[in-house]
Amino acid sequence: MNDKQVSRRLFLVGSAATVAAAGCAAPGGSVKVRSTTQAKSGFKSPNEKLNMAAIGAGGKGSSDIQQCASLGENVIALADPDQKQAAGNFNRYADAKKYQDFRVMLDEMGDQIDACTISTPDHTHAVAAVACMERGIHVYVQKPLTKTIYEARYLTETARKYGVMTQMGNQGHSGDGVRDLCEIIWSGMIGDVTEIHAWTNRPVWPQGIKDPLPAEEVPENMNWDLWIGPAPFRPYNSKYAPFNWRGWWDFGCGALGDMACHILDPVNMSMQLGYPIAVECLMEDGNSEQTFPNKSIIRFTFPARPGFPQVDVYWYDGGLKPKMPEGVVEDYEMEACGSIYYGSKGIAASGEYGGGSRVIKGDAVGQKPAQMLPRLPGDGDDMKHKIDFIRACKTGVPAGSNFDYAGPFTEWVVMGNLSLKFPHEKLDWDGEAMRFTNKKEANDYVHYKYRKGWSL
């Protein structure tokens, strides 16, 4: 891509979400604000406080709601089926109403809640988010947005329907590093990018397990039926919850679910990827019906887009990494997580959350492109991401990782997990129709049947 190809149109398309996140208009244009006619309570003044709730108040949910509170918002309700995990926040916000079942919380307090953080295990994200959005409640949903492709599409459409503000919890999206990488790619510093490699050291929890775990007594603090939620019921075991759920097919999304929405975010944003046309699991070790594999390599193929050629994106997990590119700057090291971009004129690299983005080979080594995208206020990516969400809730200008961006991104991330069901088979994908065209059986995994009593 030469400098002329970084056209005004490409700049506006490429930076739309980020410009919106900064609350300002692109040069010569205006930010398109989603219709809010169906929203429950409209939008507050920037000086008014949001009444906020948390679904999942322990673990990552603890810091998610605390950061919102630290910005001056009111915490009025907390829901968590594990009272021990949530005890810190249950005690911290003494005046907030406490629940185990988020559905009861929403039935009783839905008309009082402006916004909600959703930080549950992956399998409950979609049903919780939809229950909030249908009540006009703005939602901040941890990554990955959903477990299945269908759920991601459904959340995107539901957010549009109800005019609510949304944000997926991939905080690196609000950091400077992702913007640095976009500007490197869009300015043509490394030419046309046709191959990208991204990797992680995850999983750092047990995977490769073939059989369900034996039943244990459910702790008094835990409502196991609520924790199971829409997943198929199985007896409680302490090695499912509160942490290791991520490695189990019924509850989590494995290494991809944990890290891809971080590591692949600069890939997705800089390359304006959209839907892939194919996905293939090239290698896996230890995959089973119960858990994700210990390691895998997956290739996604994306078609040519305006201003961009066709590109292959390779994902490595379980500590696997691509080969170190030859001839790069001496101080470049492949850390535990990161990504590398092969262009026709050079090579660029990014870190785990997009940080440290730079050219590592080619004539542009040591150079920085002209700034195209606004940087967001705040101390640290996670806080910037919360500020961006709260600003969206108060102004109606979408946050950067709103579901119009995060939904399609999540679709192709979790498609990688689907490919694990058919290793060494290239699966051709029709994104608009949301179906595989050459493997009918693969379509059975685009969504799954919820347990009775739970549905979108």
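**Close-up views of a predicted model**

**View 1. The second largest pocket is lined by 36 residues.** Gly58, Ser119, Thr120, Pro121 and Trp245 lie nearest the centre of this pocket. The model shown here and in the other views is predicted. The volume of the second largest pocket is about 640 Å³. Its lining takes at least two residues from each of H2, helix H8 (224-228) and H9. By class, the lining of the second largest pocket counts 14 nonpolar, 13 polar and 9 charged residues.

View 2. The whole structure holds 2 cavities of 30 Å³ or more. Lining the largest cavity are Pro203, Gln207, Gly254, Ala255, Leu256, Phe292, Pro293, Ser296, Asp317, Asn417 and Leu420. Helix H9 (residues 254-263) gives the most to this lining, with 3 residues. The lining of the largest cavity splits into 6 nonpolar, 4 polar and 1 charged.

**View 3. H9 passes H12 in a right-handed crossing.** The axes of H9 and helix H12 (residues 403-419) come within 10 Å. Their crossing angle is roughly 145°. On the H9 side, Leu256, Ala260 and Cys261 make the contact. H12 answers with Phe409, Val413, Gly416 and Asn417. By class, the residues of this contact are 5 nonpolar and 2 polar, with no charged. Two of these names return from the cavity view: Leu256 and Asn417 also line the largest cavity.

**View 4. Helix H2 (residues 60-70) and helix H11 (residues 381-395) cross at roughly 60°.** Their axes come within 10 Å. H2 and H11 are therefore oblique to each other. The crossing is right-handed. H2 brings Lys60, Asp64, Gln67, Cys68 and Ser70 to the contact. From H11 come Asp382, Met383, Lys386 and Ile390. The contact of H2 with H11 has 3 nonpolar, 2 polar and 4 charged residues. H2 also supplies at least two residues of the lining of the second largest pocket.

**View 5. Helix H5 (residues 125-133) and helix H6 (residues 149-162) cross at roughly 10°.** The H5 and H6 axes come within 10 Å. H5 and H6 are therefore roughly parallel to each other. Ala126, Ala129, Val130 and Met133 form the H5 side of the contact. Glu151, Tyr154, Leu155, Thr158, Ala159 and Tyr162 form the H6 side. By class, the contact of H5 with H6 has 8 nonpolar, 1 polar and 1 charged residues.

**View 6. A cis peptide bond joins Lys143 and Pro144.** Omega is about -15° at this bond. Pro144 sits in the loop between strand E5 (138-141) and H6.

**View 7. The peptide bond from Arg202 to Pro203 is cis.** Here omega is near 10°. Pro203 belongs to the loop between strand E7 (193-199) and H8. Pro203 is also one of the residues that line the largest cavity. H8 itself supplies at least two residues of the lining of the second largest pocket.

**View 8. His424 has a positive phi, in a residue other than glycine.** The value is near 65°. His424 is placed in the loop between H12 and strand E14 (427-430). H12 is the helix whose axis comes within 10 Å of the H9 axis.

Conventions:
Residues are numbered from 1 along each chain as its sequence is written. This is a predicted model: local features need pLDDT of at least 70, side-chain atom pairs count only at pLDDT 80 or more; totals for chains, interfaces and linings use all residues. Side-chain values use heavy atoms; hydrogens and water are left out. On a 1 Å grid over the protein atoms alone, a cavity is a set of points where a 1.4 Å probe fits but cannot get out, and a pocket is an open set with protein on both sides within 12 Å along at least five of seven lines; lining residues have an atom within 4 Å of a point. Grid points are joined across faces, edges and corners, and a volume is the space filled by probe spheres set on the points. Helices (H or I, at least four residues) and strands (E, at least two) are DSSP runs, numbered from the N terminus. Ala, Val, Leu, Ile, Met, Phe, Trp, Tyr, Cys and Pro count as nonpolar, Asp, Glu, Lys and Arg as charged, and the others, Gly among them, as polar. Axes are lines fitted to C-alpha atoms, for helices over the stretch in contact, and angles run from 0 to 180 degrees between N-to-C directions. Angles under 35 degrees count as roughly parallel, over 145 as roughly antiparallel, 65 to 115 as roughly perpendicular and the rest as oblique. A crossing is left-handed if the near helix is turned anticlockwise from the far one by less than a right angle, and right-handed if clockwise. Contact means heavy atoms within 4.5 Å.
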